[in-house]
Each structure stands twice: as structure tokens, then as C-alpha cells.
Amino acid sequence: MKRVVKYLLANLGYEVRRKNTNSHRGVLNVGNTMAMAMKRLKEIGINPETVEDGGAASGVWTRKAIEHWPNAYFNLIEPLEEQVPQLVDLASEYTNISYHTGVAGANNGTIHFSVTADLDGSGVYGEDAVNV
């Protein structure tokens, strides 16, 4: 019966699974926000000394992360000059944050970077992504 119900609900676009009450199991798949995931990581003892934020955008993710790991050093990398003013503000608020403009990759060189209207969907895609 359970299998039939799961099958029928799956056809409607729903997924049924047991609620996880143990915060140490399934730490990354319980809850639905990045802030909740960070909270759970902190709860199980994940305390990084350095946090790399590649594609930092305006620093929203870093602002959430620094609440959980205020003693970590945050290194932000962002290719869009349009985001720099927000990163300057963020770095001036916290002495443990620095930012760099550019694209992180294994090789030096030039790459095609797609920029979207909202800036947040910008990135390196397709064949260029393999060559970064």
C-alpha cells in the first residue's frame, strides 16, 4: 500500500519520506534553506577556519555564513564589477572578510563569461566551464 501511495504521489510531483529527527543524519538534506543547512553544520561541529565564496555576488551568502562562523576568515571571489560596491561595504564591516575580482580556475587566461540581467545567474557555461 505504501508503495502505491508513493507512486501515485510521485506522478503528481510529490515526494514522501520519513521526517528525520536525528540532526546528525542527513545533515545536508533536511530543511529547505541554506541558513538551515549552515545551522546544522555548525551544530555537528563543522567550524571552518577559512571559507571560500566563489561567485560571491553581493555577499548575501557570506552575510548568512558569518553569523554561524564569525571567527572564520572569508575569502570572496566575484567576477562582476557591478557587485564590487556591496563587497567593499561587506569587507569594511568585517575585518575577517576580503574580496577579489576575477574568475577562479586552474589556468590563467581569458574566458567567455555570460552575464544575465539580474546578475545572479551569470557564470561560465558550456565548453568554457570545462576549460576554467
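Helices (H or I, at least four residues) and strands (E, at least two) are taken as DSSP runs and numbered from the N terminus. On this basis, the elements of the chain follow the order α-α-β-α-β-α-β-α from the N terminus on, which amounts to five helices and three strands. The model is a predicted one, in which local features need pLDDT of at least 70 and side-chain atom pairs count only at pLDDT 80 or more, while totals for chains, interfaces and linings use all residues. Residues are numbered from 1 along each chain as its sequence is written, and side-chain values use heavy atoms, with hydrogens and water left out.

The accessible surface of the chain comes to about 9500 Å² (Shrake-Rupley method, 1.4 Å probe; for residues, only the protein chains shown count as cover). Carbon and sulfur atoms account for 54% of this surface. A residue is termed buried under 20% relative accessible area, exposed over 50%, and partly exposed in between (1.4 Å probe, protein chains only). Of the 132 residues in the chain, 23% are buried. Contact denotes heavy atoms within 4.5 Å. Among contacts between residues at least 6 apart in sequence, 42% join residues at least 24 apart.

An α-helix has 3.6 residues a turn, so residues three or four places apart point the same way. The arc reported for each helix is that of the directions from the helix axis to the C-beta atoms. In α3 (60–68), the buried residues are T62, A65, I66 and H68. Viewed down the axis of α3, these buried residues fall within an arc of 150°, so they line one face of the helix. They pack against α2, β1, β2, α4 and β3.

Helix α4 spans residues 84–93, and V84, L87 and L90 are buried in it. Their directions fall within an arc of 120° about the axis of α4, so these residues too line one face of the helix. The elements that cover them include α3, β2 (73–78) and β3 (97–101).

In α2, the buried residues are A37, M38 and R40. Seen down the axis of α2, they lie within an arc of 165°, and therefore line one face of the helix. The buried residues of α2 pack against α3.

M38 illustrates this packing in detail. This residue is found in α2, which comprises residues 34–43, and M38 counts as buried because its relative accessibility is 2%. Leaving aside neighbours within four places in sequence, M38 is in contact with W61, K64, A65, H68 and W69. M38 and A65 are 27 residues apart along the chain, and their C-alpha atoms are separated by 6.8 Å. K39 also lies in helix α2, but is partly exposed, with a relative accessible area of 45%. K39 and W69 are 30 residues apart in sequence, with a C-alpha to C-alpha separation of 9.7 Å. Just after α2, G45 takes a positive phi of about 95°.

In helix α1 (residues 2–11), K6 was considered. K6 is partly exposed, at 41% relative accessibility. The C-alpha atoms of K6 and R17, which are 11 residues apart along the chain, are separated by 9.0 Å.

A57 has a phi of about 55° and is found in the loop between β1 (50–54) and α3. A57 is buried, with a relative accessible area of 17%. L119, with a positive phi of about 70°, is placed in the loop between β3 and α5 (127–130). At 22% relative accessibility, L119 counts as partly exposed.

Grid points are joined across faces, edges and corners, and a volume is the space filled by probe spheres set on the points. The largest pocket has a volume of about 250 Å³. Of its 17 lining residues (those with an atom within 4 Å of a point), G55, E78, P79, F113 and S122 are the closest to the centre of the pocket. The lining comprises 10 nonpolar, five polar and two charged residues, where Ala, Val, Leu, Ile, Met, Phe, Trp, Tyr, Cys and Pro count as nonpolar, Asp, Glu, Lys and Arg as charged, and the others, Gly among them, as polar.

Conventions. 1 Å grid on protein atoms, 1.4 Å probe; cavity = no way out; pocket = protein on both sides within 12 Å on 5 of 7 lines; lining within 4 Å.
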